[in-house]
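Subject: Model with two ligands

Dear colleague,

Here is the model I said I would pass on.

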Amino acid sequence: MILVTGGAGFIGANFVLEWLSGSNEPIINLDALTYAGNRENLESLDEDDRHIFVEGDIGDFTLVAKLLSKYQPRGIINFAAESHVDKSIHGPEEFIQTNVVGTFRLLEAVRAYWTGLQNDIKQNFRFLHVSTDEVYGSLAKDAPAFNETHRYEPNSPYSATKAASDHLVRAYHHTYGLPVLTTNCSNNYGPYHFPEKLIPLIIVNALAGKPLPVYGDGQQIRDWLYVKDHCTAIRLVLKAGKVGEVYNIGGWNEKTNIDIVHTVCNLLDERSSRADGKSYREQVTYVTDRPGHDRRYAIDASKIERELGWKPAETFETGIRKTVQWYLENQSWVENVQSGAYRAWVQKNYLERTN
Ligand code: NAD
Ligand code: TYD
């Protein structure tokens, strides 16, 4: 079996669901159920013995050591993290705790377990660390996309802590021989995306008749990948990636934020039009920019394409249609995730941004 961490969050939950739909290999899912973790994402697995859910922290050495010794997984995929840039600006402490200290303690528990494994089992063991393109910093407009040797220049507390975790993972390979793999992926979108992030926030606010907040001039560029394509890439790296290597994952889909917002509005106009017949674009509101806002991210995915034969199945056009449709069909999920804590966050992040 394999152990995933953070499997109740956006990408982790998609990964667990995809994994069990294509394989009978059981998954232990260790998740602290922070505000971003949601058991409802996995409720279709409630009666499924192949999914073993454990509520707990990756930084709890004793718990992780116990799980490893009990279940003897052949591999670990580390999704668990604090993942929202704006939250990291308001309060970096939790990011240091989970992304840096938590990853360190997880690595320590895994090292102790792996050291005691024998022969083939030891050789075939993998620790796959899921990271982000944000560790590379911000690209100039015409600069080539990030490849795996691009230097690290993280600009936000979030990306700095992810960068630190990537370095720790690298060091555990070089120093202790731990068989690690690291993936650095671009912005994901798709089902179960928590509505603090741009695409789900726009869908949720549009349908609620609320402003659609665009930071700064809306010309920042992100490189978007449908979450299931990210999951396929991770599976492939786990299976065939070369130990110690880094793989950048992206779908060659650079878009400005304002283009994304307009595309979402157009799809909603088509599928769930406003009562007054006007476009959802009317709700777009330019607000104060994010401090230190990275201007452009872009992933050069040629290594994973060339070496592992990975290609995304979705174009941005097909993926965003599926995503909007999912949110329209899952309004109760949307309501359930908008807890008091979520509302307090929205107040905190947006009230102080002036038009
Ligand atoms: P998310 O915030 O939706 O989910 C994170 C999950 O981790 C939650 O279920 C949360 O409860 C859990 N978690 C947090 N702290 C924990 C701890 N200390 N111990 C155990 N579990 C804990 O994040 P996501 O968008 O699904 O991202 C998953 C991973 O992918 C992260 O490592 C992130 O940096 C990386 N990533 C995300 C994107 C993206 O666009 N969302 C892109 C590239 C890489
Ligand atoms: P986000 O989804 O937070 O991802 P990241 O910061 O990790 O790229 O934001 C995507 C882009 O959208 C980013 O440039 C910030 C911008 N943005 C807005 O313009 N308005 C918003 O309300 C949010 C949440 C993000």
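Predicted model: local features only at pLDDT ≥ 70, side-chain atom pairs only at ≥ 80, totals over all residues.

Residues are numbered from 1 along each chain as its sequence is written, chains are lettered from A and ligands numbered from 1 in the order in which they are written, and side-chain values use heavy atoms, with hydrogens and water left out.

Ligand 1

Around ligand 1 there are 28 residues, of which I11, D31, S83, Y158 and K162 come nearest (a residue is near if one of its heavy atoms lies within 4 Å). The shell consists of 13 nonpolar, twelve polar and three charged residues (Ala, Val, Leu, Ile, Met, Phe, Trp, Tyr, Cys and Pro count as nonpolar, Asp, Glu, Lys and Arg as charged, and the others, Gly among them, as polar). An N or O atom in the side chain of K162 is 2.6 Å from an oxygen atom of the ligand, and for the side chain of Y158 the distance is 2.7 Å. A backbone N or O atom of I11 lies 2.8 Å from an oxygen atom of ligand 1. Taken alone, ligand 1 exposes 830 Å², and the protein buries 96% of that (Shrake-Rupley method, 1.4 Å probe).

Strand β5

β5 (126–132) is among the elements that give two or more residues to this shell, and its three residues are the largest share (strands are DSSP E runs of at least two residues, helices H or I runs of at least four, numbered from the N terminus). Seven of the seven residues of β5 are buried, so the strand is largely enclosed by the rest of the structure (buried: under 20% relative accessible area, 1.4 Å probe, protein chains only). β5 runs parallel to β4 (residues 75–78), with four bridges, and parallel to β6 (residues 180–185), with six bridges (strands pair if DSSP finds at least two bridges between them). G75 stands opposite R126, and H129 opposite T182.

Ligand 2

Ligand 2 has 17 residues around it, with E134, R222, R290, H293 and Y350 nearest. A polar side-chain atom of H293 lies 2.7 Å from an oxygen atom of ligand 2. The protein buries 97% of the 510 Å² that ligand 2 exposes when taken alone. β8 gives the largest share of the shell, three residues.

Regards

Technical notes:
Polar contact = N/O pair within 3.5 Å; in protein donor to acceptor, adjacent residues only side chain to side chain. Buried < 20%, exposed > 50% of the residue type's maximum accessible area, 1.4 Å probe, protein only.
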